[in-house]
Amino acid sequence: MTLLQFLIHNRAQIFQSTLEHMWMVGVTLLLACAIGIPLGILVSRRPSLSKPILGLANIAETIPSLALFGFLLPVPWLGDRAERLAIAALTLYALLPIIKNTVEGIRSVDPSVRESALAMGMTDWQILFQVELPLSLSLLFAGIRVAAVLTVGIATIAAAVGAGGLGEFIFRGLAMVNNQLILAGAIPAALLALAADAVLGGIERRFRFTR
Amino acid sequence: MLPPRASAAHSNADSPATNEVAIEFRNVGFAIQKTQILSDVNLQVAAGETLVLLGRSGSGKSTALKLINRLLVPTEGEVRVSGRSTLAWDAIALRRGIGYVIQETGLFPHFTVEKNVALVPRLENWPEERIRQCVAELLQLVGLTGPGLAKRYPHQLSGGQRQRVGVARALAADPTILLMDEPFGALDPLTRSEIQREFQHLQKRLSKTVVFVTHDVREALLLATRIGLFENGRVHGIYSPAEFQASRDPKISACLATIHPETASATDTDGARGEVK
């Protein structure tokens, strides 16, 4: 059986796993944005928090993913369901690029633009929502893009704790020394990563303003 | 038997026609950490006049300007706007009543010309109809009337056009005070002299209280009612343009020397009119 035949034959299962994978990645990115963007804003407002917050996010990034899944296993509510556990771990990984790029984006706003905004009598919130965040969108989406590509990859490892997704094929293939099985997981995962990269890259370019 | 009221035309340069003081510096000092940037600054700006703060880079003139709209707060003394210390003002209310134009324009790159100009009226929640009308009038006023210009983004404009938008934005909510920090400094000489003359006319019509920072002596002489010469964070003196030109003060002579070698300054380069829009 050729690889193509194998893929077509198992298309229902592959499709199912791809959906699971996308769901995991999607929820992870939403959570990481919901936590990371406010943290990034906080860091841009209180530079003294930059070291502790970015430091922690950096440390999370260095923990090997398999080990991180293991560490989170005994955490009460998280360890109850494999999916929950996987999403928590993935969110920790996705945080760093999002926090970093939020901070970077806000810092990249031309100081003369910020000064004018202040001099025109805008409040801090108005400056944040009408000036700094809109002008940060391009860099912010660059961060989300990095996080997305990263998460698609690491999410395959979540199968090790039984969270499902495309990693199932890969782990099964490894166990059975079956390359076709491995590829049935790896190819869709790679395609997903490429698609996320292209879509988010497109959004990123749309928000690039000429200064 | 009463003597006739002293004529209003007693104006010599030191006490401008109106007695109403719009801005006042009282023994103002400003320091960042240990570095003293301004010391003992005493100034009065009368309503409707154009006070030009002249001095070399680092003389503290821009800092003085930022003390007026409370972008900075004096470390000694006080700055009073309309008779109230800037610290007694609500910072937002104070700033909305003061237009601010800077060399880099500070236009919002993600806003069209129209939206940039409408910024303060929108913050003040004017009705849309009034905003539209106001923006149209202002663009007319600063000579930005090309078709479709209002819908363009700042990066699609020339330097001169951008600066005009900056002026229009500063004037939008009809502030009584206008602060300008080397607004025309980054423009090419031809555009600069054109826009300077336009501004001169504009000022005659609007009679705002203007504080104008520059290091260009010619610009100072052209636009000022009075010139405040800044030197190392202190006010060296305040002069009318006539006094300034007649002065024997070595510091002033040094300033004037920058323009006198070529007395041709008076003959305005007429080619300046043809700026490409």
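Biologist: Before we start, what are the ground rules for names and for a predicted model?

Modeller: Residues are numbered from 1 along each chain as its sequence is written, and chains are lettered from A in the order in which they are written. Since this is a predicted model, local features need pLDDT of at least 70, side-chain atom pairs count only at pLDDT 80 or more, and totals for chains, interfaces and linings use all residues.

Biologist: How do you know how far to trust chain B?

Modeller: Look at pLDDT, the predictor's confidence in each residue, from 0 to 100. Chain B averages 86, and 87% of its residues score at least 70. Residues 1-17 of chain B, though, have a pLDDT below 50, with 9 contacts beyond near neighbours in sequence. Residues 263-277 of chain B are also below 50, with 16 such contacts. Where pLDDT is low, the predicted coordinates should not be read in detail.

Biologist: What makes two residues count as being in contact?

Modeller: Their C-beta atoms, placed from the backbone, have to lie within 7 Å. By that rule, 16 residues of chain B are in contact with 17 residues of chain A. On the chain B side, helix H2 (91-96), strand E6 (98-102) and helix H4 (119-123) each supply at least two residues.

Biologist: What makes up that side of chain B by class?

Modeller: There are 9 nonpolar, 4 polar and 3 charged residues. Here Ala, Val, Leu, Ile, Met, Phe, Trp, Tyr, Cys and Pro count as nonpolar, Asp, Glu, Lys and Arg as charged, and the others, Gly among them, as polar.

Biologist: Why is Arg95(B) called buried?

Modeller: A residue is buried if 20 or more other C-beta atoms lie within 10 Å of its own, exposed if 12 or fewer, and partly exposed in between. Arg95(B) has 23 within 10 Å, so it counts as buried. You'll find Arg95(B) in helix H2 of chain B, and among the residues it touches are Ala119(A), Met120(A) and Gly121(A).

Biologist: What makes Glu168(A) buried?

Modeller: Glu168(A) has 23 C-beta neighbours inside 10 Å, so it passes too. It lies in helix H9 (residues 167-176) of chain A. Leaving out residues up to four places away in sequence, Glu168(A) touches Ser17(A), Ala159(A) and Gly185(A). For chain A as a whole, 40% of the 211 residues count as buried.

Biologist: How do you know which elements chain A has?

Modeller: Helices (H or I, at least four residues) and strands (E, at least two) are DSSP runs, numbered from the N terminus. Chain A comes out with 10 helices and 0 strands.

Biologist: Why are H3(A) and H6(A) called oblique to each other?

Modeller: Their axes, lines fitted to C-alpha atoms over the stretch in contact, have angles that run from 0 to 180 degrees between N-to-C directions. Under 35 degrees is roughly parallel, over 145 roughly antiparallel, 65 to 115 roughly perpendicular, and the rest oblique. The axes of H3(A) and H6(A) come within 8 Å and cross at roughly 140 degrees, and therefore the two helices are oblique.

Biologist: Which residues of H3(A) and H6(A) meet?

Modeller: Among them, Ile53(A), Leu54(A) and Ala57(A) are on the H3(A) side, while Leu92(A), Tyr93(A) and Leu95(A) are on the H6(A) side. By class, this contact has 9 nonpolar, 1 polar and 2 charged residues.
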